[in-house]
Amino acid sequence: VLAMRNGKIFALGRKDDILGNGKCEGLWAPDEEELEIDETLYPRIQEKNRKRSDESDGKLSSCSETLVEMKNVMVKYDGIVAVDHLTWRVKCGEHWVILGPNGAGKSTLLKLIIGDNQQAYANDIILFGQEKGSGETIWELRKYIGVVSPDLQASYKANTKVLDVVCSGFCDSVGLYRDCDALESNLAGLWLKLTRLDKLADQRFDQLSYGQRQLVL
């Protein structure tokens, strides 16, 4: 184990020796001040989300009992099967993790959901209670889907402010090309505060650490 604090090595050796001698005590725990979170923040975020949802005139509903359903889905690339007759259902409120080595088909599943794979329309896939390809656009679907990826992170212009990155989620865009209304700005600010990134709101996105950028996205 090699342990660093403020950019300097302060402990080096076998794991049992380093972690057992008290040198690393408190290394991963933030100070008490940082742990203080306004307990009303998340309820306020939920209320503002509901208000914004009520004002939306979208055709789809993110409140459907079934978020994703795939029936006997199959995907091939040049004769090579990437997804082999998969039947899968994700209900509202469930949390899934998909594990597997490179090439196992994890990204393919995600692309089928968000519409980046054209074979999605040749399969029986239901999103938010509506069959894929029944009239909705990719952009209508993506209003209800949040995706974080290295590609997305690399797409933001260097001078984009942190708050604008969060606000761009309301616009389904990479970058912000319109002014957000007061409700959207307030909601984005609440999320930054809940994740303890509110002090970075006016900083450039590219000046953040990799982990901070992932949190912002």
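Biologist: Which residues is Val-216 in contact with, leaving aside its neighbours within four places in sequence?

Modeller: In this predicted model, Val-216 is in contact with Val-162, Val-165, Val-166, Leu-197, Phe-205 and Leu-208, once neighbours within four places in sequence are left aside.

Biologist: And which residues touch the most other members of the largest nonpolar core?

Modeller: Those are Leu-192 and Val-216, in a core that has 19 residues. The elements giving two or more residues to this core are helix H3 (41–55), H7 and H8.

Biologist: What does the second core include?

Modeller: That core is separate and has 16 residues, among them Val-68, Val-90, Ile-113 and Leu-141.

Biologist: Changing topic, where is Ser-168, and is Ser-168 buried or exposed?

Modeller: Ser-168 sits in the loop between helix H7 (162–167) and helix H8 (182–194). With a relative accessible area of 1%, Ser-168 counts as buried, because the cut-off for that is under 20%.

Biologist: What does the side chain of Ser-168 have 2.6 Å from a polar atom, and which residues does Ser-168 touch?

Modeller: A polar atom of the Ser-168 side chain lies 2.6 Å from the backbone oxygen of Val-165. Not counting residues up to four places away in sequence, Ser-168 touches Tyr-156, Ser-173, Gly-175 and Leu-176.

Conventions:
Residues are numbered from 1 along each chain as its sequence is written. This is a predicted model: local features need pLDDT of at least 70, side-chain atom pairs count only at pLDDT 80 or more; totals for chains, interfaces and linings use all residues. Side-chain values use heavy atoms; hydrogens and water are left out. Helices (H or I, at least four residues) and strands (E, at least two) are DSSP runs, numbered from the N terminus. Buried means under 20% relative accessible area, exposed over 50%, partly exposed in between (1.4 Å probe, protein chains only). A polar contact is a pair of N or O atoms within 3.5 Å; within protein, one must be able to donate a hydrogen and the other to accept it, and residues adjacent in sequence count only if both atoms are side-chain atoms. Contact means heavy atoms within 4.5 Å. A nonpolar core is a set of buried Ala, Val, Leu, Ile, Met, Phe, Trp, Tyr and Cys residues joined through side-chain atoms within 4.5 Å.
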